[in-house]
Every structure is written in C-alpha cells, then in structure tokens.
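Dear colleague,

Please find the structure below, followed by a short account of what was found in it.

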Amino acid sequence: MQTLGILGGGQLARMLVEAGVPLGVRFSIVDQVADACAGQLAPLSTVGWDAPEKLEAFAHEVDVATFDFENVPAHTAEWLSARTRVAPNALALATAQDRVLEKTMFRGCGLPTTEFAPVATRAGLDAALAKIGAPAILKTRREGYDGKGQFRLKTAADANAAWAALGMHAATRGLILEAFVPFDYEASVIAVRAASGEFRAWPVTRNWHVNGILSTSLAPTVHGQSIGHAAAAHARAIAEHLDYVGAFTVELFVLGDELLGNEMAPRVHNSGHWTIEGAVTSQFENHVRAVMGMPLGDTAVRFPSCMLNWIGELPDRDKLIALPGVHWHDYGKAPRPGRKVGHATVCASDAATLAKRLEQVGRAVGREAQVAPVIEACRHDHL
Ligand code: AMP
C-alpha cells in the first residue's frame, strides 16, 4: 500500500482522503494547526512548513507528497522534491502563488488576461492607473484568497483609499493593479494531467461569487459546452508548460465567447466539488490517481449539478437531505463567519428538474437568494 502525504489538512485534504481510501491509498497529513478537519479521517501531525527540516519524518514516511493549500513556500516543495515525489511541482506552486507571474504565464501560454501592472510604491500606483485606467482592482500579488487583499477603484480619485487599505503590503506581498473586467459571468475549467502527459478536463463550470467567495457552481451549461473546447485547450497548454501532474483549476472571466484567465489553483478546487456526484470520476479521485501514477478516470458528466457552499455555518441538514438529489458534505469544522464549513451538491436528470430541486432547497432552509441566479441560469440554459 502506498502512502500519499498531504501538506494542509483542510476540507480539500479531507475529500482527497474520501476519494483515495477506496483506491487502497494510505494518507499522512501535516498541518500547522492540530485540529485541521482532515485529521478526523486520516493521521495528522502538527508541523510548521516554514522550515523544511521540520518535514523530515513526513518526507521519509510518504511515497508521494501533494498539497491542499497552495501557499506552502515553494522552497519547502523544492526541499521535499529532493527527498520524495512531489506533485504538483515547485514551479507550478511558485507561479500560482504570484498573480504577476501567473498572468504572465497565462499570456505566454496563449490565454489572454485583463491588463495588469505590478505596483511597488504609491507613485507606482498612479503610474499603473495612468496605464490601465479605471475602474480597476488593486490586489496583493501573493497570499490573497477568497477576495481578501483586494480594493476596487471606481476612479483614479480612489487611489489614496486603495493605498491606505493595501499599501502596507507593497514591500512584503507585493501589489498588482488589474483593469476591471465587465464579464458576462465567471467560469472555471477543472482539469487533470498525469505524469505520462495524459490530460482530461471536466465540462466548464459556471460560478457565482458573493463578497469574493465562491457561493454556487453549476455544470454543465450550454454556453459552457460551446467554450469548453477552447477552455480545455488553454488548461492543457498551461499544464504542459508547467509539466503539471495532478488536478488543477483555471478561473476564467467570460465575455461573449472570449475567455480571460484570472488565476489558477494548483490543487483541487471548490468549483470542482460538484464532480464528486456529478461526474463519472471526481476531481479528488483523479488527483489521487494522477499523483500516485494510476490511470486517469472518465471526466464525463453523470448529472447536471449545482454545488452550494455553506459559509460561516451549516443550514439544517435533515431538512435538506430529505429532499431528492441532495448530497451533503459537512467538513467537521467549527462555525465561524466567512469560513467554508460544508457544501451540498444538488443533482438532477435535466436542467428543469434541477431548477425545481433548487427551489425546494432554497425554500427549505431560507437560502432563496443563493439559489436564485442558478435557477435563472437553468431556465435560460437548457443544459
Ligand atoms: P480573485 O481573488 O482574483 O479570484 O478575485 C475574487 C473575485 O473578485 C473574482 O471571482 C471576481 O468576482 C472578482 N474579480 C477579481 N478580479 C477582477 C477583475 N479584474 N475584474 C472584475 N472582477 C474581478
């Protein structure tokens, strides 16, 4: 039996364990906190990964190491690579950790992005604004997630406020100014690549964010199918450029039939959670297969599916699992504002039935506002 080590013990690690155990894989998890929720399912040691030497025992114990968290320092991934197989590689992590490197890489691989410029000083912000124009978004280059570390500038007059909000990060995390994209909708392409170069993508997923945090995902959609080939080709070019092994996601802005790359997650991703029930093989199972050197599984859709994130606290489980087509995922985390504590995926045989089921779900637990845009999309987009 082979052991897969995971750096980071959150819900992504937890779902990797759920997918990998039936394949006969053992797990060993390290996290900086002792009560990380994947520790409820697999052995977890508390280790800081700032100093790689602390991972000596972990490196000995595991056959392959992977990540549930992309901000593990790239030098830690490099140190590990000298001792065990690591997937994805340190280059993929380092590129995805820095929005400037990431967008530059997207462009180099043929995926357009919005206009952007690195910002190092207050005067540099004015120069970037002069180049890019407003509206724009100032973001930290590194360590931003779920809409944190971002400031929206409606006009150039907001530059002082933007600097007051984020200027203190200029020297440490770096800053980037991006032209605001008037997208029709947000989407993601979830894909997987094996060490042999074998590549598969799931159908394009449509995503809705609230306050910068993913709220709901829907797949497949008719428009998603029409841009699916292009999205998968971009994902493939990126994976080949990075010599990427494992599952990953590229987040996209969609304007008509045009795709702009926003960012990539070098790991399984929240917008791919629907694949657990909605696809023949989930992103979690295919990630385990890819990094352990097993054949990849079919990424075809089984059911039109909608994933609903539970942020802060879980709604009433029993009211929801009593409804048809509802699949429940409790991450075993303590409730806390802004924290992802679970999700549900609602599946149906067709879009009209999915819309009806989502109505029932929204009514049952007072989440009408969360399901409303998805119901609207199901009605206009006959999956
Ligand atoms: P990010 O952390 O880059 O994924 O940004 C979080 C969310 O902010 C995205 O999912 C979008 O909803 C929004 N956003 C980020 N960048 C832009 C942009 N350049 N133009 C418009 N909206 C954006």
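**Aromatic pairs and a helix contact**

This is a predicted model, in which local features need pLDDT of at least 70, side-chain atom pairs count only at pLDDT 80 or more, and totals for chains, interfaces and linings use all residues. Residues are numbered from 1 along each chain as its sequence is written, and side-chain values use heavy atoms, with hydrogens and water left out.

Phe183 is partly exposed, at a relative accessible area of 31% (buried means under 20%, exposed over 50%, partly exposed in between; 1.4 Å probe, protein chains only). Phe253, by contrast, is buried at 10%.

There are four aromatic pairs in the structure (ring centres of Phe, Tyr or Trp, the latter by its six-membered ring, within 6.5 Å; planes under 30 degrees apart are stacked, over 60 edge-to-face, the rest tilted). One of them joins Phe183 and Phe253, stacked at 5.0 Å centre to centre with 0° between the planes. Tyr244 and Phe248 form a tilted pair, with 4.9 Å between centres and 55° between planes. Tyr244 is buried at 0% relative accessibility, and Phe248 is buried at 1%.

Helices α12 (residues 351-365) and α13 (residues 368-380) pack at about 170°, their axes 9 Å apart (helices are DSSP runs of H or I, at least four residues, numbered from the N terminus; axes are lines fitted to C-alpha atoms over the stretch in contact, with angles from 0 to 180 degrees between N-to-C directions). The two helices, α12 and α13, are therefore roughly antiparallel (over 145 degrees).

Yours sincerely

How values were computed: Parallel < 35°, antiparallel > 145°, perpendicular 65-115°, else oblique.
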